[in-house]
Amino acid sequence: MSTETIAVAMSGGVDSSTVAAMLRAEGRKVIGLTMQLWNQRRLAGHEGMPESVQGRCCSIDDVYDARRVAETLGIPYYVVNHEERFERDVVRPFVEEYLAGRTPIPCSLCNNHLKFDQLLIVAQQIGAEQIATGHYARVVFDEQLDRWLLKRPADKSKDQTYFLFGLTQEQLSRTLFPLGGMTKPEVRELARKHNLAIAEKPDSQEICFVPGGDYKRFLEAYLAEQGEQLAQIPGEVTSIKTIAGEMVTTDGKVIGEHAGVHNFTVGQRKGLGVATGSPLYVIQIKNDTRQVVVGKDEELYSRTLRARPVNLISTAELRQPMRVAVKIRHKHQPAPAIIEPASESAAPDEVRVTFDQPQRAITPGQAAVFYDGDIVVGGGWIEGWIENSTQ
Amino acid sequence: MMRRVYLDNNATTPVLPEVMDSMRPYFGEHFGNASSIHHHGQETRAAVERAREFVAALLGCRASEVVFTSGGTEADNLAIFGLARPGDHVITAAIEHHAVLNACKHLAEYRETTGCEVTYLPVDGRGLVDPADVKRALRSNTKLITIMFANNETGVVEPVAEIGKIAAEADVYFHTDAVQAAGKAPIDVNQIGCDLLTISGHKFHGPQGVGALYVRKGTQLEPMLYGGSHERSRRAGTENVPGIVGLGKAAELASAGLERGDDGHHQKMAAARDRLERELLKIEATGLNGEGAPRLPNTTNIYFDGIEGEALLIALDLKGLAVSTGAACSSGAIEPSHVLTAIGLRPDRAKASIRFSLGKQNTPEDIDFALGLIPDTVARLRALSPVWPSSTPKAAVSKKLAARSQ
């Protein structure tokens, strides 16, 4: 048992609160930290955003809960302000991705740029060499490989490794995921045992800074607030109206118009605003022409994708093709595939993924995460699928 | 038990034992409602009026000009909302406490209901308001000037007497928030020439939850609270007798301390502050905020380049030293200081600034303790800072940690 100080990233939820209780019970010196990331009041009431603050991120209630847990456990607790970095590294990329016709994952960006970067720095500065979080994942050191490994947790239904593929060796070496071996019911039971007031608090699912999960309203409100400042986005987007465009079929026929590429994601069927005899799906969103390409379900399948940039975890480099299972969205069943360097001319951190079977709705902006059993080999951001590859 | 040293006396101060003793009977045997006609009421009424006299003595005014409130924020709000009427213009400064700033912001934001316009005056690089700016900002409809006596973050003392003259010449009301000055600098409402002045008990070793507003005789002030005719109908609500008694005692002790001069606490406090400041400024890449301006004897605000003030505050707190930075928002996270921003400090320096504020209870040993901690902690933070030039690159991946992660 270590006596070194450890910082726990506390959100006020059951998972991170239980982590703090577990480490405290082990006799570790624990410091609770909550990151203030987004001011929920900032966009409240703007452009159709709810007046009342309903989002979960950094709400005063959650900080109150975390503070209460820290008090119950008798550990020091602080809120640290990372609003500037969060906006720069998570919120703006989130908005820009949608405006470019992609479907972003803000949680991974937050993990890479905030939780396991900024928070880790603060932790070290205040005397904690390690941080612990309430993620469901495992981290172990492999002597033979001489590398830190990220592994899937015992509770596969809670697996969060998909959002953690960007962690570096340095970050992993300083991170603890104490819930990696537990199931969610066990965690709640432990929270009750420690008399934590939040033991029955419901899980949060939505994007923390988007109240009520309505990301379209969030984008519109954010754009209205930022105005001209977003001009560097391709096509000089200054309002949601300028990203309107045509709805076309896969064979190039214009069948209607749409009010903005941010309304669509690959594989989407509802809300296309066009009526035809057979069901239509979004096949592709073209950033340059702002066209939304629609087609039949079978046109959504592809065998290959390119991912960039890629972060490798269980291996230092990828020289040869490697057999793995690949997840292309959080709720995707990992599918057998071969990963290999994209090409000799491509950037070294670009990987080509070729699935054994075509996969439905490979979506740019999401992550492709590579697994070898429970071990996360690495992962990268999906650039796009390679056309005509279903043949 | 870890030794703890408290150098955040501009946030709040410990209640002095004499103050505590003075209050105690009013939680027990002297429990009467000061408005009651019977013996019990008379007892507490007398205590309230005695306290009013002590506060009046501290401020150089008449007892009848003192209105007790729940604290500094209420007194500031009463001054502003009690005077500003539709069509009025109000002059304030960018460095005011939020109790004034946000009250003025409300006046300006809800113009359709309040009808008020507000001018926010800038400050110079030292944090001083230029009285000439006050004069220039005057309009025919200017009703009120509200500019603080001394700033809570930097301790900078504003030229309130000069502003008072300008206000008197223009026949405009002048309110000053003297929350930080009370007990640390002599206050005389006639010398300042103010019509309203705010103090708060807990900033000078009195209890929290009680303050006072000086209201010059003849000032047409509308109440904010309606109810009984307490406080000459200026502030309805049963008096907080123990609090008021404590405030009175704190005022009495503060007046005595200010009169004592050389052997008083203030000289000692100033000497201790000066030593702390001198030693901290010896650390490489540091600087004083508010340099060149007259300052309170207990406050120093210093930036340490290359660090986050937030991290330094936490690191010091974990070692037993309480200091502060910026202003806490509702969650407790630290927001960049509007005061340091108004002074024109670079954003990174505003975030790298720490306020040290001393109180009567601090000893030379407390300063030794602080000086024993701060230089090393600053050095460690800089070594881990992504922006400090000589910081060590991220530590090599530690295999040592392997065993612990299981």
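Predicted model: local features only at pLDDT ≥ 70, side-chain atom pairs only at ≥ 80, totals over all residues.
Most peptide bonds, by contrast, are trans.

Next, select the open sheet of chain A, whose five strands run in the order β3-β2-β1-β4-β7 with parallel pairing. At its edges stand β3 (77–81) and β7 (175–176) of chain A, each with a single partner strand, so one side of each has no neighbour in the sheet. Further in, show β1(A) together with β4(A), which pair in the parallel sense over three bridges, and pick out Val8(A), whose bridge partner in β4(A) is Ala132(A).

Just after α1(A), stop at Gly27(A), which takes a positive phi of about 90°.

Now colour the largest nonpolar core, which has 145 residues, and in which Val8(A), Leu33(A) and Leu312(B) are the residues with the most contacts. Helix α3 of chain A, residues 83–99, gives the largest share of this core, seven residues. Centre the view on Leu312(B) and, leaving aside residues up to four places away in sequence, show the residues that Leu312(B) touches: Phe304(B), Ile307(B), Ile354(B), Thr377(B), Val378(B) and Leu381(B). A second, separate core has 89 residues, including Cys104(B), Val134(B), Ala182(B) and Val241(B).

Staying with chain B, colour its two domains separately, with domain 1 made of 5–12 + 263–383 and domain 2 of 17–258. Their C-alpha centres lie 27 Å apart, and the contact takes 28 residues from domain 1 of chain B and 27 residues from domain 2 of chain B. On the domain 1 side of this contact, the elements that give two or more residues are α11 (265–280), β10 (299–304) and α13 (338–343) of chain B, with the largest share, five residues, coming from α13(B). By class, that side of domain 1 has nine nonpolar, 15 polar and four charged residues.

The last stops are two backbone details in chain B. Most residues other than glycine have a negative phi, and the following two residues depart from that pattern. Select Asp171(B), which has a positive phi of about 60° although it is not a glycine, in the loop between α7 (160–170) and β6 (173–177) of chain B. Then select Glu231(B), where phi is near 50°, again a positive value in a residue other than glycine, and where the residue belongs to helix α9 of chain B, residues 230–233. Which of these is buried and which exposed? Asp171(B) counts as exposed, because it has 7 C-beta neighbours inside 10 Å, whereas Glu231(B) is buried, with 21 other C-beta atoms within 10 Å.

Notes: Residues numbered from 1 in each chain as written. Chains lettered and ligands numbered in written order. Domains from an automatic or database assignment. Contact = placed C-beta atoms within 7 Å. Helix = DSSP H or I, 4+ residues; strand = E, 2+ residues; numbered from the N terminus. Nonpolar A, V, L, I, M, F, W, Y, C, P; charged D, E, K, R; others polar. Core = buried A, V, L, I, M, F, W, Y, C linked by C-beta atoms within 7 Å. Buried ≥ 20, exposed ≤ 12 C-beta atoms within 10 Å, placed from the backbone. Pairing = 2+ DSSP bridges.
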